[in-house]
Amino acid sequence: MTLLEVEKLRVAFRTRGLRAKPVEVLHGVSLEVAAGETLGLVGESGSGKTTIGRAVLGLVKPSGGSIRFDQREISGLSRRERRTLAPDIQVVFQDPYSSLNPAMTIGEILSEPLVVQGTVAKGARARVRALLDQVGLPSDASERLPREFSGGQRQRVAIARALALEPKLIVCDEPVSALDLSTQARVLDLFIDIQRRTGVSYLFVSHDLTVVRHISHRVAVLYQGDLVETGPAPDVTSTPSHPYTQRLLLAAPVADPALQRRRRERRARLRTSTAV
Amino acid sequence: MSTDRDHGSTTAEAASTGAVAAGHAVPRMPMWQRVLRDPQAVITLGTLIVIMLLGALAPFITPYGPNQTDLHAVNAPAGTPGYPLGADESGRDILTRLLHSINTATVSALIGAATALVVGATAGLVGGYFGTRTRAVTEWMFNLVMTFPGVLLLIVLMPVTGGDYRWTMLIFGVLLSPGIYRIVRNLVVGVKNELYVDAARVSGLTDLRILGRHVFFVVRGPIIIATAFMAGSAISVQSGLAFLGVGSREIPSFGAMISSGFRNLYIAPTQFLWPSLLLGLITTSLVLLGNALRDVVEGSKPAPAKVGAGQRAEVVADAEDAAAGTPALLDIHDLAISYPDPAGKQREVVRGLSLRIERGQTVGLVGESGSGKTQTAFATLGVLPDEAVITRGSIRFEGRELIGLTDAQLRPLRGKAIAYVPQEPMSNLDPSYQVGTQLVEDVRWALGLDGPEAKRRVLALLERCGITDPERTFRAYPHEISGGMAQRVLVAGAVASRPKLLIADEPTTALDVTVQAEILDLLRDLQAELGMAILLVTHNFGVVADICDHVAVMQAGRIVEVGEVARLFAEPRHEYTRMLLGSILDEKTVRADPPLVASEEGIRP
């Protein structure tokens, strides 16, 4: 069952200056996310991958195309209508430092969406405890401020906030890129674990093919505002057909000196062959 | 399957979670408590409160009314019985009038500042938060207000206000509001792009709630500060108007008193002194209070920077050279660096680190954030921040001790024999100069070349570093080039002097993987060509595998394992190295479990 359907999505940003032409960053991207599925969205900076996520979240306005969620068109909604989608679509951002209000305690951060949706204070407290437990944080965390936590722990708080309303889709915008290596793996496992338990779908945006391979069922590769390749994760991430994806795959260094030397040579050959 | 990973890795984070749980919480001090700890704030606030209390209690302190005249007392000198500060030209008690003037000043300050606050802050929040069209409207209105000649307008509007200073202050408040509007609008425009505001929108919060909960707390501090200053200026303007004789003469005010004192300057020279002193005391207190609040709210006073002394070291280097034979290119021994923690105690971030780099080697310094790898690099470069202290150890470059050298002594090394490539290429280029000009400056200084020769050299270097159109890049400003290009430029600048050691601090972390691969290729080629050694600080084992021949693993300020790359990857000896290598997402793991079918409704919790 298709949960999210993005069709020929275009997004253009206005530029400064009189009569300056808007810059189009997405040139008609189509993709689908099924219920319970992870779609990994890979691309380098400027590819427009984050913009797709923000368009789905209603944080940028598309200039064309459609975004359907649960068979309902959501791309042109007003702010008021958009708020009714909050229980269904949530987000985890890249930067666990700026995505949590430094002046609010963890408990306040987690209960805010609940209270807005009409949960009474007592129910919210119980839910906050359950959420903290779900993401593996101690229950006394709710009295503390974000700055008392490490990056990985803050990201767990952000995940808990996204889960608070039991959404059907979570847009994950580079959620592990700012984390240390060992933390990265554990937070990814948490994402997978939560998906297995709740059946939530992820639109998982990342520049790191290894991370995407780890968590995605299907992968879409974005290059300068266009989708160049999409398909099942094993195919796209091990035997990519598009040259750009191949380059991307070979460019990421692997933690094995001998293997990395071979890859480097393959990359050099690929470069000379495409240059000719 | 991804969750089947070695469970040893989970214990590490569990331990750190436990640390948070067990470690005593950093005491959260509310703002008012911090204000009460600042002597300047306490003194000025206390002064103001005492003065205001005196004003409020005026009817009980003196037997006279503010406008009660006694012809026997006209221009009575200070010390006359019943008139401790004397009486003025109409025989009114100066002390009484002084006390009543305080009330006028207080009311002026309250009305003026409150009006400015309400008008400015509301418009600032709205104009900053909502779209460009709303902002254009508010902007235009406040620009218009700013064009009004303030005091003149207040005088012209006197017939409208009926001479009542309270109405005047209300209008003056509106005239002051653009100041607040600008502060608030700028802060809101900044905070609006914070991710937590986006997250709040996604959580379904109404705009009003977002403004109230997430945006307002950011602007709170600066507003409080500005209010203190505005109260001062409201009092000054009210006094100024009264001094000019504008407005009701019935109202006792400092301005009117000073004016009357001036008229009698030759008869009773001290008359104008008292109101001037009190007015001065009040406005000074307000300004100093504003400054104190700013220090409290916006962080401490800047520490005075010292120039040229080099970094602080508590060790005395041995005069004798290291062991006989050819010394290593870089030999760091038992290095410890400490920083003061918020409580003022010294906390070591590098705790006895030893590392040797031979000529031509590429050594990777790996570790997680906070392990002290960048501090080690900075100490070698001699650019540790002022609060850092090297508590022990030695850093020898070609046998010469670097610790304890002044900036002047380090200069011949830094940027010449020891070069540096930073993590953020963009923030290391000055946005207001052309890329080429900045490089020429470096090259002229490092190599002692004249202008044209240095330019030729820079163009050659840029070309060597893989920049296809060196002339164009030379003339470009930093914002006109990409991050990868900027990093090539910085690499070009670093290798210009043919350094013996290149310290690269996460040189590719901010770059895309395809660009990262190119920069690593460039570094590898340059190294082969120049025979320099590279100290590469990174958290990415893939980068280490790609370019390094030796690697040192850091944990909590120490090196736990060091060795040849092939050996260390194949058979890591230290448990921490094994943990790090174990948590690398490997090449083969692909998500294998199929998506849960969400049509089974019972699954959602």
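Residues are numbered from 1 along each chain as its sequence is written, while chains are lettered from A and ligands numbered from 1 in the order in which they are written. Because the model is predicted, local features need pLDDT of at least 70 and side-chain atom pairs count only at pLDDT 80 or more, whereas totals for chains, interfaces and linings use all residues.

**View 1. The two domains of chain B.** An automatic or database domain assignment divides chain B into domain 1 (101-297) and domain 2 (325-582), and their C-alpha centres lie 51 Å apart. The unreviewed UniProt entry places the feature "domain: ABC transmembrane type-1" at residues 102-290 of chain B; such positions follow the numbering used here, feature names are shortened, and annotations may be inferred rather than shown by experiment. Over residues 102-290 the chain is 83% helix and 0% strand, where helices (H or I, at least four residues) and strands (E, at least two) are DSSP runs numbered from the N terminus.

**View 2. The open sheet of chain B.** Six strands form an open sheet of mixed pairing in the order 7-8-9-4-10-11, two strands being paired if DSSP finds at least two bridges between them. Strand 7 (418-421) and strand 11 (558-564) of chain B are the edge strands, each pairing on one side only.

**View 3. Strands 7 and 8 of chain B with helix 19.** Strand 7 runs parallel to strand 8 (residues 501-505), to which four bridges join it, and Tyr420(B) stands opposite Ile503(B) in strand 8. Helix 19 (residues 483-495) of chain B lies across both strands, running at about 175° to strand 7; axes are lines fitted to C-alpha atoms, for helices over the stretch in contact (C-beta atoms, placed from the backbone, within 7 Å), and angles run from 0 to 180 degrees between N-to-C directions.

View 4. Six of the six residues of strand 10 (residues 550-555) are buried, so the strand is largely enclosed by the rest of the structure; buried means 20 or more other C-beta atoms within 10 Å of a residue's own, with C-beta atoms placed from the backbone. His550(B), Ala552(B) and Met554(B) are buried on one side, and Val551(B), Val553(B) and Gln555(B) on the other. Four bridges join strand 10 to the parallel strand 4 (residues 362-366), with Gly364(B) and Val551(B) as bridge partners, and six bridges join strand 10 to the antiparallel strand 11.

Technical notes. Contact = placed C-beta atoms within 7 Å. Buried ≥ 20, exposed ≤ 12 C-beta atoms within 10 Å, placed from the backbone.
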